[in-house]
Amino acid sequence: MVTIRDCRDTDIPAIAAIYGHWVTHGLASFELAPPGEAEMARRRQAVLEGGYPYLVAEGPEGQVLGYAYASAYRTRPAYRFAVEDSVYVAPGAGRGGIGGALLGALLAACTARGFRLMVAVIGDSGNAASIALHGRAGFVQAGLLPAIGWKHGRWVDSVLMTRPLGDGAATAPAP
């Protein structure tokens with residue numbers, strides 16, 4: 001059984017290890033070198049100070065099996081109701097519903113905070129697992145940025161997917 005909860009300071013080593021694996025071995029992130037724990041802690045603090053959620057999936061023995069957070073899609077004021085999601089699952093823990101549980105909780109947390117649109121920027125158009133995860137959560141493809149990054153000796157696309165939150169664009173946001 002997996003529990004989704006708010007991230008704690010003590011989760012940073014596990015988060016850094018999970019992210020570091022995917023930076024080194026995958027295309028979901030366009031970073032080339034894994035950031036250390038201090039940098040991951042700084043990034044988490046910036047997310048929280050911005051009023052965004054940062055969640056972890058905790059396994060039955062207390063181990064962190066994945067994490068997810070939302071952050072500003074863009075920093076200009078007109079974008080203030082749009083968020084970008086990030087979801088990472090520990091190596092070997094995929095296909096167990098962890099990503100879906102994290103994304104579902106993240107969607108709920110962002111909706112409760114009054115955000116109106118979530119954007120997924122998925123590294124690699126061949127990342128079928130992430131595209132399917134977002135599709136199951138109601139995201140639709142909004143665009144493709146072909147060959148926008150160079151990693152692991154090849155050009156990599158970014159897939160853009162979006163999902164309305166709450167009333168989406170149907171009503172004006174509260175002042």
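Is Arg42 buried, partly exposed or exposed? With a relative accessibility of 48%, Arg42 counts as partly exposed. This is a predicted model, and in it Arg42 pairs up with Glu39 through a salt bridge, at 2.7 Å from N to O. Glu39 is partly exposed too, at 25% relative accessible area.

## Salt bridges across the chain

There are eight salt bridges in the structure. One of them joins Arg5 to Glu58, with 3.0 Å between the closest N and O atoms. Arg5 belongs to strand 1 (residues 3–6) and Glu58 to strand 2 (residues 54–58), so this pair ties together parts 53 residues apart in sequence. Arg5 is buried, at 12% relative accessible area, and Glu58 counts as buried at 18%. Both also belong to a salt-bridge network with Arg8 and Asp11.

Then there's Arg44 with Asp9, whose closest N and O atoms are 2.6 Å apart. Here helix 2 supplies Arg44, while Asp9 comes from the loop between strand 1 and helix 1, 35 residues away. Arg44 counts as buried at 7% relative accessibility, whereas Asp9 is exposed at 58%.

## Helix 3

Helix 3 covers residues 98–112 and spans 21 Å from first to last C-alpha, close to the 21 Å expected. Its buried residues include Ile98, Leu102, Leu106 and Cys110. Looking down the axis, the buried residues of helix 3 fall within an arc of 170°, so they line one face. After the helix comes Gly114, with a positive phi near 90°.

## A nonpolar patch

On the surface, Phe30, Leu145 and Ile148 make a nonpolar patch with about 250 Å² of accessible area together. Phe30 sits in the loop between helix 1 and helix 2 and is partly exposed, at 36% relative accessibility.

Note on methods: Residues numbered from 1 in each chain as written. Predicted model: local features only at pLDDT ≥ 70, side-chain atom pairs only at ≥ 80, totals over all residues. Heavy atoms only, no water. Helix = DSSP H or I, 4+ residues; strand = E, 2+ residues; numbered from the N terminus. Expected span 1.5 Å × (residues − 1). Buried < 20%, exposed > 50% of the residue type's maximum accessible area, 1.4 Å probe, protein only. Arc of directions from axis to C-beta. Patch = residues over 30% accessible without salt bridge, like charges linked within 9 Å, V, L, I, M, F, W, Y side chains within 5 Å. Areas by Shrake-Rupley, 256 points an atom, 1.4 Å probe, with all protein chains shown as cover. Salt bridge = Lys/Arg side-chain N within 4 Å of Asp/Glu carboxyl O.
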